[in-house]
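Please open the model in your viewer and keep the selection panel at hand.

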Amino acid sequence: MGDSVVGPVSVRDLDGVVRAEITPLPVRLALLSSVLGATLAEPIVAGTAFPRVDTAAMDGYAVNGDGPMWLLRSEVRVAGRSGGRDLDLDCAVRIATGATTPRGTTAVLREEHVVRTTAAGREAIAVAPDVPVKDDTRRRGEHWAGGAELVAVGTAVSAAVMSVAASAESPVLGVRGPVSADVLVTGDELCTSGPLSMGQTRDSLSPVLPEYLRACGIVCQSVLRLDDDPESLRDWFSASRTPPLMVVVGGTGRGAADHLRAVLAELGARVVLDGVAMRPGGSQLLAVLPGGRVVLCLPGNPFAAIVALLVTGPAIVDALTARVPRARLRGRIVGRFAVDARRTRVVPVRQVSGGVWQSMGSPQTPHLGDLVTAHALALTGPASVDGGLAELLVLPQ
């Protein structure tokens, strides 16, 4: 697999290694409805001022003049309707939240700040006693002007980003991604249905991997389980596929049956990393096939596989979509857990009173039982001894 092989890397250096070795996906123009989970390759620029016209920020009355009393007209201004008469001096009209203010409006007074009264036999409003006059007009361009850059390149397209783009009249965005993946779970001992035979164990990963992939920003296209043999691996890798990411679970060890590395070598894969200095989850492999498709190989033990995915998966998404990484979440860890000077130890934790995170002890790798009541995974090191800080990976609930 060539000179590009990178030996076990530290968790601290992982993002930099992955970003340096993986080529970002091409930029595409896409409708707003299809970009959730992608990364902006072009900034979101406001196509118009927001709001486009002066509107009422609260239900109340549009008034013209300093008051403290205004004659009340019978009409009501509602959102979504334009036109209507200009507002004369010392007059007022009822107005709903979001409605365009009539020409001549000097202020909008909220409902609870006024009282009904009469003036010269006509219905009127006045400022309520002991209430300061506050203008609840939302002015044109108050939030942003047309042409303003609202969201920067490299930002993950979240639901909030999509909403901003809609408000900014930007229905088409330049993005990379979202990243999708095909998944292969290997292992002769795995059983997906029916009673277990001697030496078999239940496949407890295939049903839940899509959820953990989603937590990393990866869309799962398919999950397939095959026996751990070279022919099955070759067939799976050779099948026509469109997702930019392939995830293989199992077969990352270096024993006599190391079919995975042999098949990747046959395919001409360039290995980006072979091992991460962490436990559990360190037995992972990341490679790039000649056509550019990325292959992430995870250990077979369920807990180790999920840990490896949650640590490395976001780094792959960041590299493939040229995403600016978000600030890392850190917390103060208390309780008993192993500390290793040479590698990161991963510990399930749950938040307790006082804003600290309680260690749940050394995890068991053959199942995900330790994640049932955990809130996060703590990436601990020598500086994380009781009461020290550790990076936190929040778990999907």
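Begin by selecting Leu245 together with the residues around it: leaving aside neighbours within four places in sequence, Leu245 is in contact with Val179, Ser180, Ala181, Asp182, Ile218, Arg293, Val294, Leu296 and Ile316, where contact means heavy atoms within 4.5 Å. What you are looking at is a predicted model, in which local features need pLDDT of at least 70 and side-chain atom pairs count only at pLDDT 80 or more, while totals for chains, interfaces and linings use all residues. Residues are numbered from 1 along each chain as its sequence is written, and side-chain values use heavy atoms, with hydrogens and water left out.

Leu245 is also one of the residues with the most contacts inside the largest nonpolar core, which has 50 residues; Val18, Leu286 and Leu377 are named with it. A nonpolar core is here a set of buried Ala, Val, Leu, Ile, Met, Phe, Trp, Tyr and Cys residues joined through side-chain atoms within 4.5 Å, and buried means under 20% relative accessible area, exposed over 50% and partly exposed in between, with a 1.4 Å probe and protein chains only. Helices (H or I, at least four residues) and strands (E, at least two) are DSSP runs, numbered from the N terminus. Apart from this core lies another, of 16 residues, among them Phe237, Val248, Leu260 and Ala269.

Now select strand 22 (residues 294-298), where five of five residues are buried. Val294, Leu296 and Leu298 point one way from strand 22, whereas Val295 and Cys297 point the other way. Which strands pair with strand 22? Strand 18 (residues 245-249) runs parallel to strand 22 and is joined to it by five bridges, with Val247 standing opposite Leu296. Strand 21 (residues 285-288) pairs with strand 22 in the antiparallel sense over four bridges, and there Ala287 has Val295 as its bridge partner. Two strands are said to pair if DSSP finds at least two bridges between them. In the hairpin of strand 21 and strand 22, with five residues between the strands, Gly292 takes a positive phi near 105°.

Move on to the sheet of six strands, which is open, has the order 8-5-7-6-10-9 and shows mixed pairing. Strand 8 (107-110) and strand 9 (114-119) stand at its edges with a single partner strand each, so one side of each is left without a neighbour in the sheet. Within this sheet, strand 5 (residues 60-63) and strand 7 (residues 91-95) pair in the antiparallel sense over four bridges, and Ala62 has Val93 as its bridge partner. Select Asp90 in the loop between strand 6 and strand 7; although not a glycine, Asp90 has a positive phi of about 65°.

Another open sheet, of three strands, has the order 1-13-2 with antiparallel pairing. Its edge strands are strand 1 (28-31) and strand 2 (39-40), each pairing on one side only. Four bridges join strand 1 to strand 13 (residues 172-176), and the bridge partner of Arg28 in strand 13 is Val175. Ala38 lies in the loop between strand 1 and strand 2. Is Ala38 buried or exposed? At 0% relative accessibility, Ala38 counts as buried, and its contacts beyond four places in sequence include Val175, Arg176 and Arg323.

For the aromatic residues, select Phe50 and Trp144, a stacked pair with 4.9 Å centre to centre and 25° between the planes. Rings of Phe, Tyr and Trp (its six-membered ring) pair if their centres lie within 6.5 Å, and planes under 30 degrees apart count as stacked, over 60 as edge-to-face and the rest as tilted. Phe50 lies in the loop between strand 3 (44-45) and strand 4 (55-56) and Trp144 in the loop between strand 11 (137-138) and strand 12 (149-151), so the pair ties together parts that are 94 residues apart in sequence. Trp144 is buried at 15%, whereas Phe50, at 30%, counts as partly exposed.

Finish with two peptide bonds: the one from Gly67 to Pro68 is cis, with omega near 15°, and a cis peptide bond also joins Arg279 and Pro280, where omega is about -5°.
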